[in-house]
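Look at the model first, then read on.

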Amino acid sequence: MRIDFERSGGFTGIPLRYSMSTEDLPAGEQEKLAELIRAAGFFDLPPVIRSTGPGADRFQYTISVDSDEGKHTVEIDEAAVPSQLQPLIAWLQASRKR
Amino acid sequence: MKHAHNHICFVIPPVIYQKMAEKPHLRERAMRAMEISERQRGVRQAAMMLPLLGAAGTKHRTIFDATNGTNQPGSEVRDEGDPESQDISVNEAYDYSGDTYDFFSQVYNRNSVDDHGLLLKSTVHFDNQYNNAFWNGFQMIYGDGDGEHFNRFTISVDVIGHELTHGITQNEAQLVYQGQPGALNESMSDVFGSLLKQWVNNQTADKADWLIGQGLFTDVVKGTALRSMSAPGTAYDDPDLGKDPQPAHMRDLVNTNRDNGGVHINSGIPNRAFFLAATNLGGFAWQKAGLIWYRTLCGRLSPTADFQAAADATVAVAASLFGSASIEQKAVIDAWANVGITATVEAPAALTAPPKSPVAKPMGAR
């Protein structure tokens, strides 16, 4: 499974951008990631999820997953992230430290 | 609707107290007068006045702690008038939002974000190692930074000023947070964030550093600040974080759909225009250039205004404040020209009117 993750916007305007192949992850992490994607209902999410309310300096995320289940990309505003997607985004942001 | 009889007689009519209460320097006197009257008459007049006073309001700050979760606002930890906390983030959010209130009140006679005494709420320790601060439409929210590249986001007064200015823009021009209007929105926040820092430090335009977010980077980062209003594109160049992407001129306008169409990127262009106008005019930047920009923000921009519209509006406001062909108007025209925008300059009315009577030719003239 291939994942492309991008975060843009925010007060700093400094983007975060990386791609990973899950085959490079240890087996435990591969399973955890697969579970996070399942729990997020990722493949059923609309391709664009915008926040309609007021606000400024929040992030925008673009997540692409290319796996045996299919290929799907979601663009989403930070303020509009549904609770089931939050753990996946937290994992993706934390894993940039690798 | 039937109105109940009000048997309370005021020596001074309530409307006078209401008017006094709208002026920050008279508010205390109005409240004290009503408290004395209250004791004498055994009636809670002050409480009756509260709905009217609410329209005027005062500086009222409340700080919340999200304890590294994402609940907003979190638990209240410090309210207006409470003593200092042991937590430096709490104190910085409190002090700097107070400075922001004072700045807009004293310099532009504005009573908080909505000009009606809106409560100033800040949440600190939002999320975990969160490299951000934002305005959620109602209040400010600050992360701690990851400690690797970023410090806590309450560390610089201009960050607080930037966020609160988003609230002001939301109550005034309502610039759409997308494309050029969004970059203008961002620039307004940088402009007044920078002016706040200069005002707090009593700096003239030539002494200011014109940097945004200085102090946010840790020592390992190769960069001075997040943005430079004087030299967009030069604030940082770091192997991990990348290079400052801001343009300083329209020819380098960035076309992207990331960051809501580059609102934090293309803000470099109007930022530089403001820097040029302010340093051209000299003195304290909030007095002339800042006043022009403030008046433009309050009533002279539509939500979809682009950079051209902002140039035209600031030039027109400069004329109405300081006169057509004034040095102030010229400084604004030149500033926009320097970033690649030719402002529309309206001819003053007097010059377009025809002369009342023909001018007599002097004797002997051809």
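Helices (H or I, at least four residues) and strands (E, at least two) are DSSP runs, numbered from the N terminus. This is a predicted model, where local features need pLDDT of at least 70, side-chain atom pairs count only at pLDDT 80 or more, and totals for chains, interfaces and linings use all residues. Residues are numbered from 1 along each chain as its sequence is written, while chains are lettered from A and ligands numbered from 1 in the order in which they are written.

Start with the loops. Most residues other than glycine have a negative phi, and most peptide bonds are trans. Pro73(B) sits in the loop between β1 (61-65) and β2 (75-79) of chain B. The peptide bond from Gln72(B) to Pro73(B) is cis, with omega near 0°.

Ser112(B) belongs to the loop between α4 (88-108) and β3 (120-124) of chain B. Asp115(B) is in the loop between α4 and β3 of chain B. Both have a positive phi.

| Residue | Phi | Other C-beta atoms within 10 Å |
|---|---|---|
| Ser112(B) | near 70° | 23 |
| Asp115(B) | near 60° | 18 |

Ser112(B) is therefore buried (20 or more other C-beta atoms within 10 Å, placed from the backbone).

Now the helices. α4(B) packs against α6 (residues 179-200) of chain B at about 90°, with the axes 10 Å apart. That makes the pair roughly perpendicular (65 to 115 degrees). Axes are lines fitted to C-alpha atoms over the stretch in contact, and angles run from 0 to 180 degrees between N-to-C directions.

Definitions and conventions. Buried ≥ 20, exposed ≤ 12 C-beta atoms within 10 Å, placed from the backbone. Parallel < 35°, antiparallel > 145°, perpendicular 65-115°, else oblique.
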